[in-house]
Amino acid sequence: MKGRPSRVFVLGSVLMCISCANMGPPQPPSLELPKPPSDLRATRKGNKVILTWTVPSSTTDRQALHVVGPTQICRQPESELKQCGTAVGEAPARTLSRKSGEKVSDSFSDVLPPSLEGDNPAGFISYAIEVLNSEGRGAGLSNRVRVPSFRTLPPPPDFKAEVTSAGVVLSWTGQNAAAVPGVRNAYRVYRHIEGTSENVMAGEVPISEPCCKMVDSNIEWEKTYGYRVGAVTILALADKPPLEVAGEDSSEIKVFADDIFPPAIPTGLQAVFSGPGQQPFVDLVWAPDSDADLAGYNIYRREDNGASEKLNADLVKTPAYRDARVSAGRTYLYSVSAVDARGNESQRSEEASEMVPSS
């Protein structure tokens with residue numbers, strides 16, 4: 001009818017009003033500011049400081065990040081960082097390709113200028129980073145970390161290694177450092193087996209006169225080792241746990257631990273005849289050899305002005321032997337050698353003589 005609104009129009013108006021009632025206030029667009037990292041870590045070796053952190057996966061308003069801009073590296077000597085100022089370096093921007101929940105790490109190596117290294121055991125250098133978005137804007141600094149600024153010693157230029165029967169003998173010329181209260185310096189030697197990446201500390205040598213030499217006896221023969229040495233400075237400050245500052249390492253030297261060294265010469269050999277009322281024989285006894293890789297002994301016998309002959313076909317496993325192939329009226333001279341697991345044979349012991357009486 002004319003002048004009356006249609007039912008369709010009224011129903012549509014009601015639905016539009018209900019829809020309008022459920023709409024919230026308009027949201028501002030995301031600024032896409034990466035959330036500042038909270039796990040910045042720093043380690044120092046020589047004049048290099050290695051910074052590592054987890055790359056932000058979300059913005060400050062909890063939006064997922066797929067691209068982060070460059071990361072500014074902030075450094076401040078002797079005081080806490082409040083703002084970055086002029087960055088000392090920059091980690092490049094990166095596109096994030098993440099699996100669900102996977103964390104992505106980043107790192108930066110900062111080289112300290114000589115002016116920042118000093119002789120104050122309590123001195124330090126502060127670091128922080130700021131991750132920027134693609135437009136060069138950030139949400140502020142990360143957590144702050146500190147490293148000691150104490151000067152480290154250079155690596156020795158004449159690091160040498162020699163394989164001996166006692167192990168690998170390592171030697172180098174040390175550098176004495178000025179005495180500073182609360183500061184101790186030492187050299188640490190590290191090794192790894194060729195083909196592996198695991199480094200093991202082989203030993204520590206205090207820096208003193210004369211310096212420096214050590215023997216690495218905890219090796220396995222017939223393997224190739226890589227060795228390096230570097231200075232470490234230990235800062236023991238009052239009311240604080242000790243801090244260690246590692247210096248740069250020397251060049252690596254490789255050593256093949258070839259066991260060409262025979263065991264120790266057996267000692268204390270005695271020869272005793274026994275025979276009355278039984279088949280005659282001569283018993284031999286000697287002091288046991290203490291070499292860890294000892295495989296056994298060889299027994300040698302000769303007569304006056306005669307050549308020695310080996311009596312045993314197989315290695316004798318214990319420090320005792322009975323010679324039953326003796327004849328009456330003869331004098332025998334015996335000697336013993338030690339043999340290791342790789343077939344290296346020692347020189348023969350001093351001879352022991354025994355006469356077999358005539359019947």
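1. C74 and C84 are both buried. This is a predicted model, and in it the two cysteines form a disulfide with an S to S distance of 2.1 Å.

2. The torsion about the S-S bond of C74 and C84 is about -100 degrees, so this disulfide is left-handed. As for placement, C74 belongs to strand β4 (residues 71-77), while C84 sits in the loop between β4 and β5 (89-91), so the bond ties together parts that are ten residues apart in sequence.

3. What other pair forms a disulfide? C211 is joined to C212, with the sulfur atoms 1.2 Å apart. The pair counts as a disulfide because the criterion asks for cysteine sulfur atoms within 2.5 Å.

4. The torsion about the S-S bond of C211 and C212 is about 65 degrees, so that disulfide is right-handed. The C74 and C84 bond, with its torsion of about -100 degrees, is left-handed.

5. Are C211 and C212 buried or exposed? C211 has 19% relative accessibility and therefore counts as buried; the cut-off for buried is under 20%. C212 has 8% relative accessibility, so C212 counts as buried too.

6. How many disulfides does the count come to? The count is two. With the bonded cysteines of the protein chain numbered in sequence order, the pairing reads 1-2, 3-4.

Terms used
Residues numbered from 1 in each chain as written. Predicted model: local features only at pLDDT ≥ 70, side-chain atom pairs only at ≥ 80, totals over all residues. Heavy atoms only, no water. Helix = DSSP H or I, 4+ residues; strand = E, 2+ residues; numbered from the N terminus. Buried < 20%, exposed > 50% of the residue type's maximum accessible area, 1.4 Å probe, protein only.
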